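Please read them with the model open beside you.

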Amino acid sequence: ASPAAGGDAGERERRREGERGGEKGGEKGEEKESSRSDRENQAMVPLDVPLDARFVEVDQDTVDWLEAINGYANDAKSPAPTEVYAIAEKHFNETVGQPINIAVLGQSGVGKSTLVNTLRGLGPSSPGAARVSSTQMTGVRSDFVEAGHASPFNPTVVYFDLPGCGTAAVPRADYIETYDLRDRYDAFILVLERRVDESDLWLYDFFTKNHKRVFLVRNKVNIDIVSEAEDYSREPAETLDLIRQDLVGEFKLTDHDDVYLISAKLRDSGRFDLPRLKTDIGASLGSVKQRKFALSLAEHTELILAQREAAAMDAVRSHALMAAAN
C-alpha cells in the first residue's frame, strides 16, 4: 500500500478510538451525575415524615405554623390563613419584638441608678449611664423614667429607674397608677438600704398580693461589713447573716433566699448575691424571655452563653417565619 493509503487507515483508526473513548467518558459522566443525584436525594428528608421529626429544637407553635403552611403549599393562590399568621406574629413578638420591662424601685439614695447601670454593664461615667446622685434626681428627669434605660447588649431589655414612693412629688396614693405598676413591667426590683421605709413595706405588700415577681435587694452591704468589723469585730459572714435575718423579720418572709444582699457598684458585680439576682430575674421571666434577658448581660458564663445561643436561634427562626408568612 502507498504511504498515503497507510496514513488514511491510521487516521480512521484514531477516529474510532476517539469515538470509543468519548462514549466511555459520557458513560462515566452520566455515572457521576447519577451518583450526585442519589446523594442529594438521600440528603433530603421525605416530605411524609412528620414536621416535628424533621425540625429539631423548635417549639410547638412553630411546628403548628409549619403544619398549617404545609397544607396550603399546593395552592399558590391561597394565602396563609389569619390564624397561621397570628401564630408567626406571636412567636416573633415574644422572641424579638416585645421588650422586657424591669422596674427598679426604692427610696432616694439607696443606689437604684447605680444598680441599673451595673445590670447594664455600665459604670456611672459610661456613655448612656443613668445619672447617679444622692438627691431625688429621678423625678426631675421624667423623660428618663418614661423611656427607661435599655441594655447596650440587648435593647429589648429595659430598666426603669423609678422615683421614690411616698414623696411630696409622688404621693403613695398615686404611685401605682402613675407608674402603671399593674401592667407595664415584667419584674420588679425593690432596693433597700439600712433603714426600711414604710413605703417599702407597702409596695412589697402590693406586689405579693397582686402576684407580681418582686426581688428584695439590700444594697451597700460592703459598707456594712467594714463598719461592723470596725465597731464590733464581726466577720463578714456574720454581718451578712444579721442583715438577712432582719429583713426576713421586717417583711415576714418564709425563705431567706428571698433577700438579695449586694453592692451595686460595677466593680462588685461578681460579689455577694448579685450574680444570683441576675440568674433569678431571668428564671422568673419564662424560657423565651429568659434567653432574651441573658443577651442583655455582660457576663460570659457557660449558662449565659448557652442561653444566648438559644436566643439567637429563636430570633433567626422568628424572622424566617415572618418572612414566609408575608
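1. The second largest pocket holds about 230 Å³ of space, where a pocket is an open set of points on a 1 Å grid over the protein atoms alone, where a 1.4 Å probe fits, with protein on both sides within 12 Å along at least five of seven lines, and a volume is the space filled by probe spheres set on the points. Its lining counts 13 residues (those with an atom within 4 Å of a point), and the closest to the centre are Arg194, Arg218, Leu242, Ile243 and Asp246.

2. This is a predicted model, in which local features need pLDDT of at least 70 and side-chain atom pairs count only at pLDDT 80 or more, while totals for chains, interfaces and linings use all residues. Residues are numbered from 1 along each chain as its sequence is written, and side-chain values use heavy atoms, with hydrogens and water left out.

3. Helix H10 (236-250) gives the most to this lining, with six residues, and helix H9 (221-232) supplies at least two; helices are DSSP runs of H or I with at least four residues, and strands are runs of E with at least two.

4. Strand S5 (residues 214-218) is largely enclosed by the rest of the structure, because five of its five residues are buried, meaning under 20% relative accessible area with a 1.4 Å probe, protein chains only. Val214, Leu216 and Arg218 point one way, whereas Phe215 and Val217 point the other way.

5. Strand S4 (residues 187-192) runs parallel to S5, joined by five bridges, and S5 also pairs in the parallel sense with strand S6 (residues 259-261) over three bridges, pairing requiring at least two DSSP bridges. Arginine 218 stands opposite leucine 261 in S6.

Conventions: Buried < 20%, exposed > 50% of the residue type's maximum accessible area, 1.4 Å probe, protein only.
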